[in-house]
Amino acid sequence: MIKADTFRGRTVAVFGLGRTGVSAALSLVAGGATVWAWDDNRETREAAQQKGVPLKNLKKVDWSEVDDFVLSPGVPHHLPKPHWSATAAQAAGVPIICDIEILAREVAAKPDRARPKIIAITGTNGKSTTTSLIGHILKTCGKDAQIGGNIGRGVLDLDRMHSGMFYVIELSSYQLERTHSLRANSAVFLNLSPDHLDRHGSLEAYGEAKQAIFANQDTADTVVIGVDDEYGKALCTELKVRNGRRIIPISARRAVGHGVSVLGGKLFCNMSKKSIEVCDLRKATALEGQHNWQNAAAAYAAVSAFGLDPKEIGEAILSFPGLAHRMETVGTLRNVRFVNDSKATNADAARQALASYNNIFWIAGGVAKEGGIDPLKDLFGNVRAAYLIGEAAEDFGVSLNTAKCPNQNKKTLEMALLCATKDALESGLKDAIVLLSPACASFDQFKNFEIRGDAFRSQAQKLMGIDVTGSVATSEAGEAA
C-alpha cells in the first residue's frame with residue numbers, strides 16, 4: 001500500500017467503496033488523515049468496514065469541515081446528473097478528486113532521486129492491452145514494474161514507491177477529469193472515438209478530459225500519440241507546435257517520420273537517422289490485428305525513453321501472453337476457434353475483432369452505446385451469422401437485416417454460444433471463429449464485462465469437453481418447443 005502522507009491532518013470524505021474507494025480510504029487512514037467514507041449500498045459499506053474503512057453518513061455531515069472529497073470515478077459530478085454527494089461538496093467549495101490524484105501528490109512529494117517513473121496510458125480503445133504489454137516489457141527486461149489504475153489493482157494498492165520502480169497506469173477519462181497533479185514521464189494517447197458522451201457532453205469535452213494526461217509534463221518527458229485517427233493526427237500537430245516535449249507519433253497503417261510504425265506486419269522505430277526493425281508482429285500470437293499492432297507500437301515508444309535495448313523490447317513483445325477478454329483465444333474444437341472479446345463494449349472496440357477475422361459467427365448485444373452497430377456495416381461481410389443477446393438484440397437485428405446479414409435473436413449468452421458453435425461446426429469452414437464481441441455494455445445481464453467474458457470462457461470450455469453437436473441440437477429443439 002502507498003500511504004497518503006500528504007493528506008496527514010486533513011479531513012477527507014470518500015464516496016464509492018468499490019475497489020479504488022476502499023484502497024483510497026485505507027491509504028488516507030494510513031497516512032494520518034481523518035476519513036469519512038460512505039456508499040449508497042449497505043452491503044458495500046459493511047464489506048468496506050470489515051476491511052477497516054471508517055464509515056460516516058455523508059448526508060448528515062457538515063461539508064464545511066471537509067478538506068477534500070474523493071469521489072469514485074464512475075459517479076458523476078456534472079453530467080448526466082450530479083450525484084447528491086458531488087452537489088454537497090461543490091456547494092461547500094470542496095475539491096473533488098480521485099485516487100490517481102492522491103498518488104500524484106505522493107509522487108510529487110518525493111525527492112527526484114526517490115520517485116518512480118510514471119507511464120500513463122489513455123484512449124478510447126486499446127488502453128488495457130497497451131498497459132499490460134508495457135508492464136510485460138518492463139518486467140521481461142528486468143525492471144520493477146507495477147500495473148494499476150483502471151485495470152487490475154487500484155493505484156494506492158501498488159507496492160511502495162522507490163527509485164528505479166515503474167508505475168504503469170491505465171487512465172480513463174473519468175479518472176483524468178479529477179486528476180490535476182499527475183506528471184507522466186511517458187504519456188500515451190492511443191485514439192479517440194465517440195464514447196461516454198452522456199458523461200462528458202460532447203466529443204470535444206471527452207477529448208479534453210483525455211488530454212489531461214499531458215498536464216505537468218516538462219521537456220524531459222515523452223508524449224506518444226496514435227495518428228491513425230483524425231483526432232490523433234490533429235492533436236499530434238498541435239502538440240508539436242507547442243513544442244517542449246519529446247513527441248513520438250505511432251501508426252499501424254503507414255510510415256511516420258521520427259516515430260514508430262508497423263509496415264507489412266513488422267515493427268519499425270524511426271526515431272534516429274537509421275530505421276530499426278524491432279520485431280515481426282505476425283509472430284505475436286496474442287497481438288492479432290492492426291489495432292494490436294498500434295498498441296505494440298505505442299508500448300515500444302513509451303518504454304524507448306528509458307534506455308532499454310530495442311532487441312530485448314522486441315523479444316518481450318513477442319512473448320506477451322495477451323489480455324483476458326480482449327481477443328482472447330479460449331480454445332478450439334475441431335474447425336472452430338472460440339474468441340472472447342467481451343471488453344469490446346462499443347462498436348469501435350468491436351471493429352478491431354471484426355476486422356481481424358473472416359468467417360465469424362458473431363455474438364453481440366447488451367446495453368448499446370449511441371449509434372449501435374451501424375458504424376460496423378462495412379465489416380458485416382466478415383460475419384457468417386450473428387447471434388444477438390440482451391437489450392440491443394432487436395435493434396441490432398434491424399441493422400443486420402438491412403445489410404442482409406443473417407442473424408438470430410438468442411436472448412442469452414449461453415443460447416447464443418450453443419447455436420453459434422453448432423452452425424460453425426456444421427459450416428465445414430477450416431477457420432471458423434465463434435466470437436463474443438458484444439459492441440455493448442454488459443449491465444443488462446452481467447455486472448461487468450469481465451463476468452460476461454468469464455461466462456463465455458467457461459461455457460466454451462465445457463463445449464470443448466463434450467459432444468457439442470449433439471448437445472447443441474438438443475438445446476435447439478428445446479428452444480423451438
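Contact means that heavy atoms lie within 4.5 Å. The exercises below use this term on a predicted model, in which local features need pLDDT of at least 70, side-chain atom pairs count only at pLDDT 80 or more, and totals for chains, interfaces and linings use all residues. Residues are numbered from 1 along each chain as its sequence is written, and side-chain values use heavy atoms, with hydrogens and water left out.

**Exercise 1. Lysine 127**

Task: Determine in which element lysine 127 lies, whether lysine 127 is buried or exposed, and which residues lysine 127 touches.

Solution. 
Step 1. Lysine 127 lies in helix H5; helices (H or I, at least four residues) and strands (E, at least two) are DSSP runs, numbered from the N terminus.
Step 2. Lysine 127 has a relative accessible area of 10% and is therefore buried. Buried means under 20% relative accessible area, exposed over 50%, and partly exposed in between (1.4 Å probe, protein chains only).
Step 3. When residues up to four places away in sequence are not counted, lysine 127 touches Ile121, Thr122, Asn150, Glu170, Leu171, Leu190 and Lys210.
Step 4. The side chain of lysine 127 also reaches the backbone oxygen of threonine 124 at 3.4 Å.

**Exercise 2. Threonine 124**

Task: Locate threonine 124 and describe its surroundings.

Solution. 
Step 1. The loop between strand E5 (117-122) and helix H5 (127-140) holds threonine 124.
Step 2. Threonine 124 counts as buried because its relative accessibility is 6%.
Step 3. Neighbours within four places in sequence are left aside; threonine 124 is then in contact with Asn191, Leu192, Ser193, Asp195, Tyr206, Lys210 and Asn346.

**Exercise 3. Salt bridges**

Task: State how many salt bridges the count gives, and examine the pairs of aspartate 68 with arginine 105 and of arginine 183 with aspartate 221.

Solution. 
Step 1. A salt bridge is a side-chain nitrogen of Lys or Arg within 4 Å of a carboxyl oxygen of Asp or Glu. By this rule the count is 21 salt bridges.
Step 2. In the salt bridge of aspartate 68 with arginine 105, the closest N and O atoms are 4.0 Å apart. Aspartate 68 belongs to strand E3 (residues 68-71) and arginine 105 to helix H4 (residues 99-109), so this pair ties together parts 37 residues apart in sequence.
Step 3. Aspartate 68 is buried at 2% relative accessible area, whereas arginine 105 is partly exposed at 25%.
Step 4. Arg10, Asp68, Glu101 and Arg105 are linked in a network of salt bridges.
Step 5. For arginine 183 and aspartate 221, the closest N and O atoms of the salt bridge are 2.9 Å apart. Arginine 183 lies in the loop between helix H6 (173-176) and strand E8 (186-189), and aspartate 221 in the loop between helix H8 (203-211) and strand E9 (222-226), so the pair ties together parts that are 38 residues apart in sequence.
Step 6. Arginine 183 is partly exposed, with a relative accessible area of 29%, and aspartate 221 is buried, with 1%.

**Exercise 4. Strand E11**

Solution. 
Step 1. Two strands pair if DSSP finds at least two bridges between them.
Step 2. Serine 251 stands opposite serine 261 in E11.
Step 3. Valine 260 has cysteine 269 in E12 as its bridge partner.
Step 4. E11 and E12 form a hairpin with two residues between them, and glycine 264 in the turn has a positive phi of about 60 degrees.

Key:
Polar contact = N/O pair within 3.5 Å; in protein donor to acceptor, adjacent residues only side chain to side chain.
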